[in-house]
Amino acid sequence: MLFILILSSMNLLRSSNQDELQKRAQTAAQLFASVTQSAVLSSDLASLDSFVKEVLTNPGIVYARVLDRRNVVLAQGGDPQALKRLFHPHQIFDDITDAILDAQADIVIEKIHYGRVEIGISTDTISAVLAAARERTTAIAIVELLVVGLFSFFLGLYLTRGLDALKQATLKISQGELGYEVEVRGHDELAQTAHAFNEMSKELRVLYDQRKRAEEELSKLNEDLERRVNLRTEQLTAAYQKIEHQALHDSLTKLPNRTLFQDRLQQTLLTGQRENRPFALVMMDLNKFKTINDTLGHHSGDLVLQETASRLRGILRQSDTIARLGGDEFAMILPTVKDMPAAATAANKIIDTINKGMELEGQTLNIGTSLGIALYPRDGNDAGLLMRHADIAMYAAKRSKSGFMLYSEDLDQSSSGQINLQKDLTRAITENQLVLHYQPKIDFASERVSGVEALVRWQHPEHGLMFPGDFLQLAEDSGLIKPMTRWILLTALNQCKKWHEEGRDLTISVNVSSASLQDVQFPNDVAAVLNEVGASPAWLELELSELGIMLEPPRAMDIIIRLSELGVRIVIDDFGTGYSSMAYLRKLPIAKIKVDRSFVHDMLGNKNDEVIVRSIIGLGHNLGLNVIAEGVENMATWDQLKSLQCDAAQGYCMARPITAEELERWFRESPHGLKLKKG
Ligand code: C2E
Ligand code: MG
Ligand code: MG
């Protein structure tokens, strides 16, 4: 291509030289014609010759000739050979064979033709010029070739390097080095490509980073999801375990519940049967739980149950099962207890730990417990029977206040009777099976009856007349004590009102259970009954046991104050048995203290008891209290008490507790106050 270009340029040069030459020949001929004009006109041949000679001095002009209008040569000169040859006007340059280019010009003056001039020009000169031009062109072509070659070489080098850099960069990118950039130099297409490449690389890096971030986020999300799934699984497992635990455990004490206990009992029983292994089943109940729960509230009750559970856990073995069956009822399986002596040891251990005072909201409570024990296989072969027998033993222990009982067949009958008794007691209140007996209190000063104490009895349709010791605990445990106390108050006050209406100015004493002393409603109940009966509060004395006050002194104090504010007199019953604090006695609005009959009973024969009675009387008087002695069974005691300046007495010696009708007779036999006869 380059070669063709050079050739064509050479041709162009050559053809331009030929044209130039022809023009020059033509110009020279015309110039010659114009110079010779006047000489031709005047036919001055000498001048024409000199003109010819002068023309011939021009290098390259081979001949010159001047002709007139008839083609007669007027003057001529130059190469003789050339003059002889045939004139070839308008000859094409390439056809020239004799190396002379002919040119002519007419001599015309004012449009009149006078002749012409002819000249020949040597083409050798042209050839020399052409050769020189050809040489020049070749040189230029070589230079051009060199320049183009070099340019191509450097261009190639440049392009190769650039492409190589791009290739390397592509390789790097393919190897993961995203964002790799090639060096950009200049502004050519390669630079633009490199620039575009860099942009693409950057874009790839950005996209890669974005993807990586997205992947990381996805991975985090996955991890999070996995973690959450694990957590949820754990939570579900825990929840399931919790539900399972809840289903089988008591939420308050965390001890196994009845369901789990029965299952464990069944397992122990099967092992016992298979391996011929005896074990003990213990049923346990808290003695004062009901009272505490009813009086101090459920929160206190809960604390007592929790403390009990914790104490049991503390003393029993790992292999033992402790369960809370409900309320204050606990049960234990003791696989290592195989006979009665071992059972007694275990029972005493349990009783000792429960009997230790419980600190509850700043005070010490003595709860007490009753245990019933049944031994496998001695007392039963199946779970149901063993539980029933342990239960019977427990109720027997409760009744007898013996702490614990081992099951025996004798217990069975009395126990089942006891269980029925609670149902009977509910009916007893509504069906008027309860009765009050009255025991007179005699003033030492007047030796006349000043008041009577109401003592409850239960006229049981089957068991006959029952005494408070047979059913009071049951009433307290079952909560029946509240309606029962109300019935007693109502009945006693109605009776008292009747006496007053008959002209007998007597007080009526009603015993108040410790449960009532913790019942903040109790003063209101008393006021309501007084109101209902239309009785004067001054007629009523309430006998409170020391133990009842000491159960929770602040609350009891509050209730006592409110009772006293009603105008009712407060008597401390069974004084001397409850370790009353002097501080309380002094603070309380008490009217009387009643010396417990256990001191009075033996005071004549037992010096200690006599000292105690004497001290109590002295203490009472010092505190400005009236002192009454109960359990006076003979006149000697009466006399002794009188000499000790006791204020009043009560006992079989003067009168047993009797019905209202019997008391009527008693009143009649000793109308308006009984004068006691000595002896
Ligand atoms: P308490 O209040 O100390 O009643 C006196 C108890 O001593 C009565 O027994 C009475 O029968 C008995 N007693 C009276 N004089 C003599 C005597 O000379 N010698 C002997 N050995 N005993 C005598 P009871 O009726 O069996 O009552 C026992 C306890 O039951 C009472 O002791 C009282 O704490 C409680 N109680 C009785 N009735 C009621 C009642 O209506 N409500 C409440 N909450 N408790 C009552
Ligand atoms: Mg009493
Ligand atoms: Mg008493």
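Biologist: What makes the pair formed by R597 and an oxygen atom of ligand 1 a polar contact?

Modeller: A polar side-chain atom of R597 lies 3.0 Å from an oxygen atom of ligand 1, and a polar contact is a pair of N or O atoms within 3.5 Å, so the pair qualifies. In the same terms, R457 has a polar side-chain atom 2.7 Å from an oxygen atom of the ligand, and for D574 the distance from a side-chain N or O atom is 3.1 Å. Of the 780 Å² of accessible area that ligand 1 has on its own, the protein covers 85% (Shrake-Rupley method, 1.4 Å probe).

Biologist: How should I read the numbering, and what kind of model is this?

Modeller: This is a predicted model, in which local features need pLDDT of at least 70 and side-chain atom pairs count only at pLDDT 80 or more, while totals for chains, interfaces and linings use all residues. Residues are numbered from 1 along each chain as its sequence is written, chains are lettered from A and ligands numbered from 1 in the order written, and side-chain values use heavy atoms, with hydrogens and water left out.

Biologist: Which residues come nearest to ligand 1, and which element gives the most to its shell?

Modeller: Of the 21 residues around ligand 1 (a heavy atom within 4 Å), R457, N511, D573, E633 and Y652 come nearest. Strand β13 gives the most, with four residues.

Biologist: How do you know which residues coordinate the magnesium ion (ligand 2)?

Modeller: Donors are N, O and S atoms within 2.8 Å of the metal (3.2 Å for Na, K and Ca), and sites may look incomplete because water is not among the atoms. E453, N511, E543 and D573 coordinate the ion at 2.1 to 2.2 Å, so they meet that limit. The magnesium ion (ligand 3) is 4.1 Å from the magnesium ion (ligand 2), and D573 coordinates both. E453 lies in strand β13 and N511 in strand β15, so the pair ties together parts that are 58 residues apart in sequence.

Biologist: Why are E453 and N511 classed as they are for accessibility?

Modeller: Buried means under 20% relative accessible area, exposed over 50%, and partly exposed in between. E453, at 4%, is therefore buried, whereas N511, at 27%, is partly exposed.

Biologist: How do you know that the span of helix α8 agrees with its number of residues?

Modeller: The expected span is 1.5 Å times one less than the number of residues, so the 18 residues of α8 should span 26 Å, and the end C-alpha atoms are 26 Å apart, which agrees. Among the buried residues of α8 are V304, T308 and L312.

How values were computed: A polar contact is a pair of N or O atoms within 3.5 Å; within protein, one must be able to donate a hydrogen and the other to accept it, and residues adjacent in sequence count only if both atoms are side-chain atoms. Helices (H or I, at least four residues) and strands (E, at least two) are DSSP runs, numbered from the N terminus. Buried means under 20% relative accessible area, exposed over 50%, partly exposed in between (1.4 Å probe, protein chains only).
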